[in-house]
Structure formats: structure tokens, C-alpha cells
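I worked through them one topic at a time.

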Amino acid sequence: MTKRKYYRITITGDPGSGKTTFARNVAEQTGYHLITTGNIFRELAQQKGISVAALNELAETQQEIDRKVDDYLQGLNDEQQDLVLDSRMAWYFLKGALKVRLAVDLDVAVERIFNDEERARSWDDKFPDMATAMDEVDRRRQSEIIRYQTLYGVNIGDDSNFDLVINTSHK
């Protein structure tokens, strides 16, 4: 009897690239189980009473923050189910996954985030104006680049790490 192969699709991207929307659509189309690790980070930030950007910066010096999510992702290698993962680092931790990265121009990302009604209802992603949104989104982006380079020696923006890269700026 042959062992069934389980399929994994990891979807990563910069804030505002549309990765969560894309991941939801892929999961719906494939029937695969969707896991969104950003929700774990949002919950941790809310527990600490800080923004996601501030939690990202804190994670630069407190590695246990990332380790919680990373340990969870590594454990998924043993799961027997087809998965779509909306996650910054799932592509790095899941073996044999299709690795998709969504790229977006910073100004487009900020406009999307600023105008996103679902985020507007979330306490941690409200911005009083576009200038503040631009600063916070760019700060979050830079924090994640530094953090994952330091922790794992990987550049999350290096397209050669992925099987498919889609620029969503005009989509």
C-alpha cells in the first residue's frame, strides 16, 4: 500500500500584497485547509497591547516570539492533510511545498491597507492618516527582512527562494 502524498501551498508576501485574500481563494478552489499564521501574531500583539509593527520589532530581540510560530509550522510537516499556508516563513519550514510569493509596490500596499475595511475594524491596524500608514507598513517590512535574515540567514524578498512570484501591484 502506498502512502498518500499531501499537498502544501505556501503563500507569502509583503504586507498589503493580498496574500491573505489570495490564500483564501486558493483554499476555496482546492478544498485544502487554510492556515493563517498572521492571526497568531495579531493575537500576541493584542495580548501585549501593542501593534503588529511593534511586535515585529520586539521579535527582533525576543526570538521566542518567532519560535512559537516556527515550531507550529515545523510540526505541520507531520500533518496528514492538504494545506494552504498564509505565512511569512512557511515556505522555509514546510518540506515539498509549492512556494508562492506575492510582491507589491510599497505605495500600493499602503493604500490597500489604509482603505481595507476589514483591517479598519481591527484595533491594531488603524492608521490616522496615509503618512502614518506609510511609516508603519515600511517599518514592519524592514523589521521582518532584518529578523528573518538574522534568525535563519534568508532573504524573504529574494525571488529565487520561490517557485512562483506574482507582482500584485496592478491586480
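I began with the lining of the largest cavity and sorted its residues by class: 1 nonpolar, 2 polar and 3 charged. For the classes I counted Ala, Val, Leu, Ile, Met, Phe, Trp, Tyr, Cys and Pro as nonpolar, Asp, Glu, Lys and Arg as charged, and the others, Gly among them, as polar.

I noted the ground rules next. The model is predicted, with local features needing pLDDT of at least 70 and side-chain atom pairs counting only at pLDDT 80 or more, while totals for chains, interfaces and linings use all residues. Residues are numbered from 1 along each chain as its sequence is written, and side-chain values use heavy atoms, with hydrogens and water left out.

**Cavities and pocket**

I searched a 1 Å grid over the protein atoms alone: a cavity is a set of points where a 1.4 Å probe fits but cannot get out, a pocket is an open set with protein on both sides within 12 Å along at least five of seven lines, and lining residues have an atom within 4 Å of a point. Points are joined across faces, edges and corners, and a volume is the space filled by probe spheres set on them.

I found 2 cavities of 30 Å³ or more. The largest holds about 40 Å³, and its lining is Thr 12, Gly 13, Asp 14, Arg 88, Arg 101 and Ile 156.

**Sheet**

I took helices (H or I, at least four residues) and strands (E, at least two) as DSSP runs, numbered from the N terminus. Two strands pair if DSSP finds at least two bridges between them.

The sheet is open, with 5 strands in the order 2-3-1-4-5 and parallel pairing. Strand 2 (33-36) and strand 5 are the edges; each has a single partner strand, so one side of each lacks a neighbour in the sheet. Neighbouring strands are turned by 20 degrees against each other on average, direction ignored.

Strand 1 (residues 8-13) pairs with strand 4 (residues 98-103) over 5 bridges, and Thr 10 stands opposite Lys 99. Strand 4 is joined to strand 5 (residues 164-167) by 4 bridges. There I noted Arg 101 opposite Val 165 and Ala 103 opposite Asn 167.

**Helix packing**

I used axes fitted to C-alpha atoms, for helices over the stretch in contact, with angles from 0 to 180 degrees between N-to-C directions. Contact means heavy atoms within 4.5 Å.

Helix 2 (residues 38-48) packs on helix 3 (residues 52-59) at about 95 degrees, with the axes 9 Å apart. Helix 2 is therefore roughly perpendicular to helix 3 (the range for this is 65 to 115 degrees). Their contact includes Phe 41 and Leu 44 of helix 2 and Val 52 and Leu 55 of helix 3. By class it has 6 nonpolar, 1 polar and 2 charged residues.

The axes of helix 4 (residues 64-75) and helix 8 come within 12 Å and cross at roughly 70 degrees. These two helices are therefore also roughly perpendicular to each other. Asp 66, Arg 67 and Asp 70 of helix 4 meet Arg 147, Tyr 148, Leu 151 and Tyr 152 of helix 8. I counted 3 nonpolar, no polar and 4 charged residues in this contact.

Terms used: Parallel < 35°, antiparallel > 145°, perpendicular 65-115°, else oblique.
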